[in-house]
Amino acid sequence: MLKLSTQDVSLNQEFADKHAAIHSLAQQLVEKDLVEQGYHQGMAAREAQNSTYLGNGIAIPHGTVDTRDLVKQTGVTISHFPQGIDWCDGNLVYLAIGIAAKSDEHLGILKQLTNVLADDNVETALKNANNAEQIIALLNGETQFNIDFDASHIQLGFPASDMIQMAAVSAGLLKNSGSVNNEFVADVVAKTPTHLGDGVWLLGSNKGVNQTGMAFVSTANQCHYEGKNVTSLITFSACNGAHQAQLNVIQTLIANHTIGSLNDKTAEELITLFNPLVDISANEAQTADGNSAVFHIRNAHGLHARPGAMLVASAKKFDATITVRNIDSDSAFVNAKSLMKVIALGVKHGHQLEFVAQGDDAKQALAAIGQAIESGLGEA
């Protein structure tokens, strides 16, 4: 099976448009002796038939059946565009994989990319990639985006009598899930935790870590550490930046003087709180601390691929966390920056979409989304 390697990657490429980028990819395939001169015409013709944009910042330009005889050997070349290239309807591509396919040897790559496209964090990671190793790890699905934190990482009301027991339990939860090994457990138990306030403490280590994870343990007993109450302990195992969203949640709680609210939450509430990008129900979103707005979709055929892509592109221009739901189908809120999730809402002509935005530019984001919808999302 054809495999991607760092030797296939050209970093920091910049072109005026996708046509120039495709021409460059074709030339790279020629230089690698994978295709004959003239394969570019096939790649251009394929792009004219239908965009090769896959989603999440990835495109796969390739030739037509008519130019298959120009392929000497099946292979690929990869170009990274950190500034992004408008590939179609405002969809920016940060990584283009030029494919020379002599037979069906490339289908494994396409199947592999299907799994990669399912994660909404891929696009940002590709945009910010600094080296070929990071890009190949992303395409191979080896990069962790979401922290390991579920019910198996939570122990409420444990009868601990001191901080060492709390640390040991939290490390044990992470070890049982495979996130860490014994080196992590020993390091965490020996470390001095940080008091976040109201009996909530924080520990963390990068030793013996297999996956970035988080554990939450609370005690039913009255215990103290350095003269302060101990009610709960948050423990991080970190080998990448997958826990940044959870750190942001903690920072917000501290800034709002509500860190102590963690002590009274159920396991389900903790999971919802510390996974802010997970789809949430309508009731939860309506009570969220954010700006909201409702817009009618005027497009004759609803939100199919093109207007959906325009809507997502409008949302991605802002740093705010933006969720959306289809009021008419009583759907759950989903990430408005995910094309697949927006399309899955099944929005038809006349349907109402409710947006909730949270962040410094939330109001500007909703205004821009409303304007884009009013203008037809790229359609008359």
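Trainee: Which residue takes a positive phi just after helix 8?
Mentor: In this predicted model, the residue just after helix 8 with a positive phi is His-257, at about 55°. His-257 is found in the loop between helix 8 and helix 9, and it has this positive phi although it is not a glycine.

Trainee: What makes His-257 count as exposed?
Mentor: A residue is called exposed when its relative accessible area is over 50%. His-257 has a relative accessibility of 70%, and therefore it counts as exposed. The value for Asp-330 is 59%, so Asp-330 is exposed as well.

Trainee: How do you know that the buried residues of helix 8 are on the same side?
Mentor: The buried residues of helix 8 are Gln-246, Val-249, Ile-250 and Leu-253. They cover an arc of only 95° around the axis, and therefore they sit on the same side of helix 8. The general rule is that an α-helix has 3.6 residues a turn, so residues three or four places apart point the same way.

Trainee: What do the buried residues of helix 8 pack against?
Mentor: They pack against strand 7 (194–197), strand 9 (213–225), strand 10 (228–237) and helix 9 (267–273).

Trainee: How does the span of helix 8 compare with what is expected?
Mentor: Helix 8 covers residues 244–255, which is 12 residues, and reaches 16 Å from its first C-alpha to its last. The span expected at 1.5 Å a residue is 16 Å, and the value for helix 8 is close to that.

Trainee: Why are strand 11 and strand 13 called edges of their sheet?
Mentor: The open sheet has 4 strands in the order 11-14-12-13, with antiparallel pairing. Strand 11 and strand 13 (334–335) each have a single partner strand, so one side of each is left without a neighbour in the sheet, and this is what puts them at the edges.

Trainee: What makes strand 12 and strand 14 a pair?
Mentor: Two strands pair if there are at least two bridges between them. Strand 12 and strand 14 have 6 bridges in the antiparallel sense, and therefore they meet the cut-off of at least two. As one example, the bridge partner of Arg-325 is Glu-354 in strand 14.

Trainee: Which residues have the most contacts inside the largest nonpolar core?
Mentor: The largest nonpolar core has 26 residues, and those with the most contacts inside it are Leu-311, Ile-322 and Phe-355. The elements that give two or more residues to this core are strand 11 (291–296), helix 11 (305–316), strand 12 (321–326), strand 14 (352–358) and helix 13 (362–374). Helix 13 gives the most, with 6 residues. Among the residues that Ile-322 touches, leaving aside those up to four places away in sequence, are Ala-315, Val-334, Phe-355 and Ile-369.

Trainee: How is the whole chain divided?
Mentor: The chain is divided into domain 1 (6–140), domain 2 (151–274) and domain 3 (292–375), and the C-alpha centres of domain 1 and domain 3 lie 29 Å apart. Of the 380 residues of the chain, 47% count as buried.

Note on methods:
Residues are numbered from 1 along each chain as its sequence is written. This is a predicted model: local features need pLDDT of at least 70, side-chain atom pairs count only at pLDDT 80 or more; totals for chains, interfaces and linings use all residues. Side-chain values use heavy atoms; hydrogens and water are left out. A nonpolar core is a set of buried Ala, Val, Leu, Ile, Met, Phe, Trp, Tyr and Cys residues joined through side-chain atoms within 4.5 Å. Buried means under 20% relative accessible area, exposed over 50%, partly exposed in between (1.4 Å probe, protein chains only). Contact means heavy atoms within 4.5 Å. The expected span of a helix is 1.5 Å times one less than its number of residues. The arc is that of the directions from the helix axis to the C-beta atoms. Domain bounds come from an automatic or database domain assignment.
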